[in-house]
Amino acid sequence: MEQVEQTTQQALLTMPNSKSNKFILEVKGDSMAPTIRESDIIIVDPDAEPLPGDVCLIRIEGLGYTLKRVHFDMDEVILTSDNPVYKKKIFPAAEVIQIYPVIMHIKKHEQIRKKYMI
């Protein structure tokens with residue numbers, strides 16, 4: 001399962017006296033490409049309610065964290081990638097420990113430079 005690594009940039013949103021639980025992560029892997037690519041930055045909100053089809057940071061018992069679109073079906077959680085190379089994964093809801101929606105996505109600087117020819 002693809003991993004997502006937390007960066008030192010997390011401190012940007014964990015300021016003193018802040019009531020926010022949001023945090024920043026750098027994406028590793030290509031399962032969410034072309035929407036979210038390797039080294040892009042995401043902001044995750046543990047307090048937000050995940051909706052079907054949302055891109056979320058998901059923690060699966062015994063497997064760790066992954067970044068996928070989340071769908072719900074009875075007692076199962078279905079995880080899908082935007083990259084068609086990856087197949088959907090289905091887990092019993094009891095094995096899904098955390099589902100944190102991505103509330104913002106920041107593209108890697110080099111990609112922005114290419115797009116706007118900076």
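## A tour of side-chain contacts

Select methionine 104, which at 45% relative accessibility counts as partly exposed, a class lying between buried (under 20% relative accessible area) and exposed (over 50%), with a 1.4 Å probe and protein chains only. The model is predicted, so local features need pLDDT of at least 70 and side-chain atom pairs pLDDT 80 or more, while totals for chains, interfaces and linings use all residues. Residues are numbered from 1 along each chain as its sequence is written, and side-chain values use heavy atoms, leaving out hydrogens and water.

Methionine 104 belongs to strand β8, strands being DSSP runs of E with at least two residues, numbered from the N terminus.

Phenylalanine 23 in strand β2 and tyrosine 100 in strand β8 are 77 residues apart. Phenylalanine 23 is buried at 12% relative accessibility, and tyrosine 100 is buried at 16%.

Finally, turn to the two salt bridges found in the whole structure, each a side-chain nitrogen of Lys or Arg within 4 Å of a carboxyl oxygen of Asp or Glu. Glutamate 26 meets lysine 28 at 3.3 Å, N to O, whereas arginine 69 and aspartate 82 have their closest N and O atoms 2.7 Å apart.

Notes
Helix = DSSP H or I, 4+ residues; strand = E, 2+ residues; numbered from the N terminus.
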